[in-house]
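Welcome, and thank you for opening your viewer. Let's walk through this structure together, one selection at a time.

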Amino acid sequence: MTNPPPPGNWSDPTWSAPPTSPTPDPTLVAGQPVPPQPGPVDPYAPTNPYAPVDPYAGAQAPATQPMAEYSPPGYAPPGYPQQYPGYGYPQPPKTNGLAIAAFVLAMIGFTSCITAPIGAILGHVAQKQIRISGEGGAGMAKAAIIIGWILTGFLVLVLAIYAAAIIYAIATSNDSGSY
């Protein structure tokens with residue numbers, strides 16, 4: 001089989017060439033026969049009125065569900081529908097108690113400076129627990145570490161100034177031993 005020549009004066013060099021591929025067979029898809037398609041279904045066709053009907057089909061068993069949620073077939077359940085999982089805001093993770101304690105001790109360190117290093121150390125321990133368990137409170141633990149170590153450094157600086165003042169006072173004292 002050859003293609004007919006192009007109309008008019010225009011010449012196509014491939015007009016006498018055979019087709020490059022055979023025509024596809026409409027009864028095969030990817031080399032496999034096409035399965036027959038079902039015919040149209042008449043939704044208004046008469047059904048068998050004498051077929052057995054299960055009166056409990058679709059009903060929920062009262063033993064597995066509370067009576068307040070039970071509804072007969074074909075009726076909506078009373079009250080509001082249950083919320084689907086994934087909607088709304090997710091529940092926040094439980095906060096690590098050690099992170100809370102570390103933050104409180106670091107904040108108390110503003111007044112006493114003695115609890116600040118304890119808060120910083122507990123903050124490090126709380127961070128490790130949070131990494132392992134996935135609990136919340138990582139921000140509180142980090143704040144306890146930062147505040148605790150800053151206040152600890154301030155405490156060391158104040159103690160060094162006191163020690164220097166005492167040493168200076170002893171060194172410059174003019175104590176001759178007489179009263």
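Begin with two helices, H1 (97-112) and H2 (residues 116-133). Their axes lie 8 Å apart, and the helices pack at an angle of about 160°. Keep in mind as you look that this is a predicted model.

What does that angle say about the directions of H1 and H2? Angles over 145 degrees count as roughly antiparallel, so H1 and H2 are roughly antiparallel to each other. Their crossing is left-handed.

**Select the contact of H1 with H2**

On the H1 side, pick Leu 98, Ala 99, Ala 102, Leu 105, Ala 106 and Gly 109. Their partners in H2 include Ala 116, Ile 118, Gly 119 and Leu 122. Sorted by class, this contact has 11 nonpolar residues, four polar ones and no charged ones.

**Move to the loop between H1 and H2**

Now select Thr 115, which sits in the loop between H1 and H2. Is Thr 115 buried or exposed? Buried means under 20% relative accessible area, and Thr 115 is buried because its value is 17%. Setting aside neighbours within four places in sequence, Thr 115 contacts Leu 105, Ile 108 and Gly 109.

**Bring in H3**

Next, show helix H3, residues 138-171. The axes of H2 and H3 come within 7 Å and cross at roughly 150°. H2 and H3 are therefore roughly antiparallel to each other, and H2 passes H3 in a left-handed crossing.

To see where H2 and H3 meet, select some of the residues in H2, including Ala 116, Pro 117, Ala 120 and His 124. On the H3 side, the residues that meet H2 include Ala 141, Ile 145, Trp 149 and Thr 152. The contact of H2 with H3 divides into 12 nonpolar residues, six polar and one charged.

Stay on Thr 152, found in helix H3. Thr 152 counts as buried, because its relative accessibility is 12%. Leaving out neighbours within four places in sequence, Thr 152 is in contact with Ala 116 and Pro 117.

**Stop at the loop between H2 and H3**

Glu 135 lies in the loop between H2 and H3. With a relative accessible area of 24%, Glu 135 is partly exposed. Not counting residues up to four places away in sequence, Glu 135 touches Pro 93, Lys 94, Asn 96 and Ile 130.

**Look into the core**

In soluble globular proteins, nonpolar side chains tend to be buried together. Which residues make up the largest nonpolar core here? Select Ala 102, Ala 106, Ala 116, Ala 144, Ile 147 and Leu 151, six residues in all. H1 and H3 are the elements that give two or more residues to this core, and the largest share, three residues, comes from H3.

Click on Ile 147, one of the core residues. Apart from neighbours within four places in sequence, Ile 147 is in contact with Phe 103, Ala 106, Met 107 and Phe 110.

**Zoom out**

Finally, show the whole chain, which has three helices and two strands. Read along the sequence, the pattern is β-β-α-α-α. Of the 179 residues in the chain, 13% are buried. Among contacts with a separation of 6 or more, 51% join residues 24 or more positions apart.

Note on methods:
Residues are numbered from 1 along each chain as its sequence is written. This is a predicted model: local features need pLDDT of at least 70, side-chain atom pairs count only at pLDDT 80 or more; totals for chains, interfaces and linings use all residues. Side-chain values use heavy atoms; hydrogens and water are left out. Helices (H or I, at least four residues) and strands (E, at least two) are DSSP runs, numbered from the N terminus. Buried means under 20% relative accessible area, exposed over 50%, partly exposed in between (1.4 Å probe, protein chains only). Contact means heavy atoms within 4.5 Å. Axes are lines fitted to C-alpha atoms, for helices over the stretch in contact, and angles run from 0 to 180 degrees between N-to-C directions. Angles under 35 degrees count as roughly parallel, over 145 as roughly antiparallel, 65 to 115 as roughly perpendicular and the rest as oblique. A crossing is left-handed if the near helix is turned anticlockwise from the far one by less than a right angle, and right-handed if clockwise. Ala, Val, Leu, Ile, Met, Phe, Trp, Tyr, Cys and Pro count as nonpolar, Asp, Glu, Lys and Arg as charged, and the others, Gly among them, as polar. A nonpolar core is a set of buried Ala, Val, Leu, Ile, Met, Phe, Trp, Tyr and Cys residues joined through side-chain atoms within 4.5 Å.
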